[in-house]
Amino acid sequence: MPQTDRLPGTPEFRIALPQDGAEARGYLLAPLGGNGTNKFLLREGSLVTAQEWPGIGPYARRIRAELRADGGLVDAPAGPGTPPDAPARWRVTRDIECNSPSAAAALVYGYDASGPESWRTAEGHPLSDYQSTGWRPPHKAWLVRGSNVSGHNLVRQLWLVEGFVSLSGAHLPPLEESDPTKSALRRIVEEGYEGAASYHQKQGLVDELHAFLRQMRVGDTVATYEDDRLYLGRITGDAVQTTSPGGLSNLRRSVNWRPDGHPYEELPGELRQKLSVQRDVVDLTGVLDALDGLTGRAADTDGPESTTTPERPAPKELTLPGIDDALAEQLLVHDRAWLEELRELLLDEKQLVFYGPPGTGKTYLAMRLAEYFGGGPEQVKIVQFHPSYAYEDFFEGFRPVADPETREVAFRLTAGPLRELADLASREGNRHVPHFLIIDEINRANLAKVFGELYFLLEYRDRSVRLTYSGDDFPLPPNLFVLGTMNTADRSIALVDAAMRRRFAFVELSPRIEPTAGLLARWLAREGRDPEPARLLDTLNSRIDEADFAIGPSYLMKPGVYREGGLERTWRTKILPLLEEYHYGEGIDVAARYGLDALRERPA
C-alpha cells in the first residue's frame with residue numbers, strides 16, 4: 001500500500017491492548033470503504049488479541065480466520081518480563097487494508113467495537129476528530145454570545161443592525177478548507193494562538209469554531225443575549241471569513257433577526273438554565289421547543305420569511321396533583337390542609353426535609369407522597385446517606401467496571417442516582433412529569449462533600465454549573481424534587497449547617513403535634529383493634545422530657561405487635577433500648593419508669 005493512499009493531514013492512530021501494553025497501529029486511507037467511511041490500514045508489526053469474544057461479528061471472525069490461515073497473523077512470542085498469565089497475542093506480518101476503522105478495531109480487539117472512538121492519536125484524540133461531520137438533526141438552535149467581545153457590545157453595535165452573528169478569530173490564519181475537521185481546527189488554533197491563549201482557552205475555542213463552522217446550518221435558530229433581553233433569528237448564510245476592526249468579528253454568518261427581544265424574567269426556566277452556561281457558543285437544540293414557543297413558530301417553519309403560524313399544541317406545564325380524600329385517608333391525615341401545604345412547599349421550594357424522632361413515619365410519608373405526586377414508582381429513586389457516602393457515589397465518578405466482552409476491568413465515568421434521575425427527568429416528553437429523589441437519613445453524610453458544586457443548584461434552579469468529572473454544563477431539571485428525612489434523636493447528627501437550612505424547607509413530624517399526634521389511635525380504629533396501645537404511647541411520651549426523643553407510632557403499627565405477646569415483645573426489644581440510650585449514664589431504671597406495667601399502673 002503506497003504512502004500516497006494515506007488520507008492527507010491525518011496522523012497515525014493506536015489501540016493499546018489491556019494488561020501487557022501491547023499496541024496496534026494504523027492510519028486512515030483516502031479511498032472509501034463499502035460503508036462510505038475511509039478505509040483503514042493496520043500496520044505490519046501491530047499486536048492483536050488472539051482470543052475471540054462473544055461480541056465479535058461474522059465478518060471480523062472470517063477475516064481473522066483467513067489471516068491466520070495465510071500467515072497474516074502469527075503467534076507473538078512473549079517479551080522479556082511478560083507475566084505468565086498474560087493473554088495470548090498475534091503479530092501482524094504485513095500491512096492489512098481494512099474496510100473501515102471499526103473493522104480494524106474488531107480485528108484488533110476480537111470483538112466488534114467503534115473504530116472512530118477506539119483508535120486514538122498519541123495525544124489521546126479520537127479518530128472521529130479527523131472524519132467529516134456525520135448526520136445531525138435538520139434543525140438545531142444555538143446561543144452565540146456577543147455583548148462583551150474584548151469589551152465591545154457587538155450585539156447592539158453590529159449584529160442586530162447589520163444582520164449577522166460572528167466569532168472573533170483574531171489570530172486565525174486564512175482558512176483553506178470551507179468545512180475543516182476538528183483535528184484541522186485544533187492544529188490551526190494551536191499555531192495561531194500560541195502564546196496568546198491558555199491550553200483551556202484553546203480547547204474551548206476549538207469547540208466553538210467547530211460548532212460555528214461545521215455544525216451550524218442555514219435555517220438553524222440562533223439566539224443572543226444583551227441587556228437582559230434574548231433576541232432570536234434564523235441563520236441565512238454559510239460561514240465566511242473576513243477582516244474586521246480589531247479582529248472582533250472575523251468569522252460571520254448572516255442572520256435574519258426578529259425585531260423584538262424577550263425579557264429575561266419572562267423566559268421559560270429551562271431556557272434560563274441554558275443561558276447560564278459560560279461558553280460563547282452553546283447548543284440550544286434541547287430547548288428548541290421553548291424557543292419556538294417564544295415566536296409562535298413550529299420547529300419546521302420554512303424560514304424567517306414565513307408569515308404563517310402553524311397551530312402548536314399547548315405545552316404541558318409542570319404541576320403536582322391536588323390532594324384528594326383517598327390520599328388523606330390512606331395516610332390517616334385528618335387535616336387535608338396540612339397535605340396541601342406540603343404540596344405548595346414542594347412547588348415553591350423543590351426541596352423538603354421531614355425531621356423528627358424515630359418511628360414518626362418520615363420515610364413512609366416521603367415515599368407515598370413521591371409516588372402520588374410523580375404518578376408512580378417509576379419516577380421515584382431512593383438513596384440512603386451514610387458517613388462514607390461521597391459525590392462519586394451520589395452523582396458521578398470514575399469506578400471500576402468490567403467489560404462484558406473482554407472481562408477486563410477499567411475505570412469508567414459512571415452516573416450515580418442523582419445524575420440518572422436528572423437525565424430521566426430532562427428527557428423529551430418527561431419535562432412536565434414530576435420526578436422525586438428521596439434521601440433517607442440526609443444528615444448522616446457530609447453534605448458539602450456529597451453535593452459538591454451541586455449545592456449551588458439546590459438554591460439556584462435556573463442556573464447550571466460545570467461538573468467536576470465530565471466537564472458538562474449541568475442544571476437540575478425543574479421537574480426534579482428532593483425529599484429528605486432526618487432523625488433528630490441521634491445527637492451526633494441532629495444539627496445541620498445553615499447552607500442546608502437555606503436550601504430545604506423543613507417539616508416536623510413529632511408525636512406531640514399533628515398529624516403524627518393521634519395517628520396511632522386513628523390507625524387502630526381503622527383496623528378495628530383495642531385502643532390501649534395508643535393510650536400507652538401517649539402516656540410514655542408524656543414522661544419523656546425532650547421532644548426529639550419521643551417515640552413515634554410506627555413501632556406499634558405492625559402486624560407482629562398484635563400477635564400473642566407481640567406488644568410486650570416490641571416494647572422490650574424496640575422501645576426500651578431507645579430510652580436506655582436517652583438516659584445513658586443517668587442511673588435511671590428505664591424499665592421501672594417506662595415499662596408497660598409502670599405505664600398501666602400509674603398513667604400520667
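**Pocket and cores in a predicted model**

Reader: Why is the second largest pocket said to lie between domain 1 (13–130) and domain 2 (141–295)?

Author: In this predicted model, both domain 1 and domain 2 give residues to the lining of the second largest pocket, so the pocket lies between them. The pocket has a volume of about 500 Å³. Of its 19 lining residues, those closest to the centre are His125, Asp129, Arg186, Gln203 and Val206.

Reader: Which elements give two or more residues to the lining of the second largest pocket?

Author: They are helix 5 (182–192) and helix 6 (199–215). Helix 5 gives the most, with six residues.

Reader: What makes a lining residue of this pocket count as charged, and how many are there?

Author: Asp, Glu, Lys and Arg count as charged. By that rule the lining has ten charged residues, beside five nonpolar and four polar ones.

Reader: What makes the set around Phe385 and Phe394 a nonpolar core?

Author: A nonpolar core requires buried residues of the listed nonpolar types, joined through side-chain atoms within 4.5 Å. The largest such set has 30 residues, and Phe385, Phe394, Ile439, Ile442, Phe451 and Leu454 touch the most other members. Elements that give two or more residues to this core include helix 12 (391–394), strand 20 (435–440) and helix 15 (454–459). Helix 15 supplies the largest share, four residues.

Reader: How do you know that Phe385 touches Phe394?

Author: Contact means heavy atoms within 4.5 Å. Phe385 touches Phe394 on that basis, and also Ile439, Ile442 and Phe451, among others.

Key. Residues numbered from 1 in each chain as written. Predicted model: local features only at pLDDT ≥ 70, side-chain atom pairs only at ≥ 80, totals over all residues. Heavy atoms only, no water. 1 Å grid on protein atoms, 1.4 Å probe; cavity = no way out; pocket = protein on both sides within 12 Å on 5 of 7 lines; lining within 4 Å. Points joined across faces, edges and corners; volume = space filled by probe spheres on them. Domains from an automatic or database assignment. Buried < 20%, exposed > 50% of the residue type's maximum accessible area, 1.4 Å probe, protein only. Lists of a residue's contacts leave out its neighbours within four places in sequence.
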